[in-house]
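Dear colleague,

I am passing the structure below on to you, together with some notes on what turned up in it. Please look it over before reading further.

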Amino acid sequence: MSAKRRIGQFARKALSRSVSLSVLGQRTWFLLNKSHVPRSFRNCPPQDRIVLEQIKERGYCVVPAFVPADACRQCIEETERLFREHREFVHQGEDLRVFGAEHVSAPIRRFAHDPWLIQIANAYTGRRNRLFCTLTNKIVYQEDGLGSGGGWHRDGFFPEIKAILYLNDVDGETGPFQILEGSHARGQVLRDMRTADLRFLQNRIDLQADALVEHDPSRHKSLSGGAGTLLLFDTSAIHRGAPLRRGVRYALTNYILDETIPTQTLYDTYAPIIRESHIKGDRLTGDSGCVTAGAIRPKPETNLATSERLGQAR
Ligand SMILES: O=C(O)CCC(=O)C(=O)O
């Protein structure tokens, strides 16, 4: 382990005990911890570079038509089937969601195990990543709904990639993913803290995001797209699923995480979640002990060829 990383780890531990730091301390912490996005992606395939530079610069990249519309329709059908057949795994809040859907649905698994997504995450973070799980979710318009993700937030303060796939057409009214452009960059993190009076390491932003949007409306991006649109973003950027004004939105989200994060901690965080250990033969055994026919063992499969999709990044 490099000295820089050791110092970073030490600083993080110290911070988890006391988060009140001077501005100088906060700056030092960000310099130590945010600096591991590689400076350049020179050694990556040229078309990956386009994607990676965009995420580094803006915090996100949109790849239209990443998955064909009929495959998206199958994923919607599968999502509805999971809601019906595996109620014990359905989270119900702002939306309906099932974590670990890739273990019990072949169409969802195709997106989950696309190796290109991990390749991008590895190149972006400069570390080894893995798919922790795929979430499938459905969010329907409701009065005063907060949208997918429950309002403006950042998942954390370290570079990390999530991949969202829209399964139906998403416009400005049906809950598009929204992001404050550049809010992942360390200098901007500190500036935003001052503008919106955010606490150090505050990750739920909610209404304080209004101050940031007011300060610079051009940073507020709303990512509409047809079924099959892929969104790649740095989860340390401030983001949310916009509240729906009508209709419904279905999406898959790949949780692509640093390999070293202990799996059990993640299972505890996202429970109930379908795991590989729930699969017996070709069947799913739920936490409740019930056995459901029709589940198939996970098998890595790929989506479109890399060359087919890369010209599409904008
Ligand atoms: O589904 C969305 O549009 C946003 C999801 C989100 O906020 C998250 O995954 O952290």
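Which residue in β4 is the bridge partner of F99? In this predicted model the partner is L135, and the pairing belongs to an antiparallel arrangement in which strand β3, residues 96–99, and β4 are joined over four bridges.

Strand β4, which runs over residues 129–140, also pairs in the antiparallel sense with strand β10, residues 248–258, over 11 bridges, and there L131 stands opposite I256. Nine of the 12 residues of β4 are buried, so that strand is mostly covered.

The largest share, three residues, comes from β9. Among the residues surrounding the ligand are K162 and I164, H239, R240 and G241, and A251 and T253, while S148, G149, D155 and F177 are also part of the surroundings. By class, the shell has three nonpolar, five polar and three charged residues.

As to confidence, the mean pLDDT of the protein is 86, and 79% of its residues reach 70 or more. The pLDDT stays under 50 over residues 16–20, for which the model has two contacts beyond four places in sequence, and it is also below 50 over residues 286–314, although that stretch has 53 contacts in the model beyond near neighbours in sequence. Where pLDDT is low, the predicted coordinates should not be read in detail.

With best regards

Technical notes: Residues are numbered from 1 along each chain as its sequence is written. This is a predicted model: local features need pLDDT of at least 70, side-chain atom pairs count only at pLDDT 80 or more; totals for chains, interfaces and linings use all residues. pLDDT is the predictor's confidence in each residue, from 0 to 100. Two residues are in contact if their C-beta atoms, placed from the backbone, lie within 7 Å. A residue is buried if 20 or more other C-beta atoms lie within 10 Å of its own, exposed if 12 or fewer, and partly exposed in between; C-beta atoms are placed from the backbone. Helices (H or I, at least four residues) and strands (E, at least two) are DSSP runs, numbered from the N terminus. Two strands pair if DSSP finds at least two bridges between them. A residue is near a molecule or strand if its C-beta atom, placed from the backbone, lies within 6 Å of it. Ala, Val, Leu, Ile, Met, Phe, Trp, Tyr, Cys and Pro count as nonpolar, Asp, Glu, Lys and Arg as charged, and the others, Gly among them, as polar.
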